[in-house]
Amino acid sequence: MGIITIAIGDALLTSMWVFSMPLLKIFTSKIVGFLGAQTLPLATLMVSTVLVSILVMIFSFIGNVFGGASFNPAASMTFHVAGLKKNDSILSMAVRFPAQAAGGVAGVKAALGLIPAEYSNTLTGPSLKVDLHTGAVAEGLFTFGRSLALLLIMFMGPKNGWVKQWLVSLATAILVLTGSRFTGAPMNPASAFGWAYVNNRHNSWELYYVYWIGALFGATLGAWVFRFMVSLPLPPPTKQKKA
């Protein structure tokens, strides 16, 4: 498919993903409450990772229909640098990234307009809680970890597709929890742009330095490390000495 078709898919998927994140928080809370598992420390983590895994598998199917569309510019960069998307180029990224950013804005506006006010606590985007340079490094490290984990799990992990996706979701959730004290760790520049736009912060250096440059650099570094790891020769088999 052509780049325009993929970019349209990018915008659609990103808007759906950003819109679904507040809903994910709401459904996770409802399910944990229904199960009476509020006191269990890992209940929220387990329920949310299962729901995210289901969402990602659905979105991946839709993305394939559009020829490889994605809801995350950092993931697009990861697969491009890792050499896993043969038809991608820097030019295609220049078309797809704005489409994903526009989708992020549409998703946030849809969430603010359609989700009831009683769930307003779920309608928040990432926020920088440290200084600018620390935030850029932190977001880069979190995205690096997520990108490397994604590639290792998807291409060197278990064969079962559901288990693979759950492990990716678990790794992502752990990084988000860790990064909440720094940048919120969205690890998704388009999502960060959407929330910044509705809060009139889309022209700030903070947005581009931390959530775009930091994240995309981390994604690139994660892909480079993966390429280095898979290019290493396997160690020769150890010969057993005869008694």
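The largest cavity in this predicted model has a volume of about 40 Å³. A cavity is a set of points, on a 1 Å grid over the protein atoms alone, where a 1.4 Å probe fits but cannot get out; its volume is the space filled by probe spheres set on the points, which are joined across faces, edges and corners. A search of the whole structure finds one cavity of 30 Å³ or more. The model is predicted, and local features need pLDDT of at least 70, side-chain atom pairs pLDDT 80 or more, while totals for chains, interfaces and linings use all residues. Residues are numbered from 1 along each chain as its sequence is written, and side-chain values use heavy atoms, without hydrogens and water.

The lining (residues with an atom within 4 Å of a point) of the largest cavity consists of P126, A192, A196, R201, E206, L207 and Y211. Five of these residues are nonpolar, two are charged and none is polar. At least two lining residues come from each of α7 (189–198) and α8 (205–231), helices being DSSP runs of H or I with at least four residues. The largest share, three residues, is supplied by α8.

Helices α2 (43–65) and α6 (161–179) each give two or more residues to the patch, and α2 gives the most, with four. M57 lies in α2. This residue, M57, has a relative accessible area of 39% and is therefore partly exposed (between the limits of under 20% for buried and over 50% for exposed).

Note on methods:
Buried means under 20% relative accessible area, exposed over 50%, partly exposed in between (1.4 Å probe, protein chains only). On a 1 Å grid over the protein atoms alone, a cavity is a set of points where a 1.4 Å probe fits but cannot get out, and a pocket is an open set with protein on both sides within 12 Å along at least five of seven lines; lining residues have an atom within 4 Å of a point. Ala, Val, Leu, Ile, Met, Phe, Trp, Tyr, Cys and Pro count as nonpolar, Asp, Glu, Lys and Arg as charged, and the others, Gly among them, as polar.
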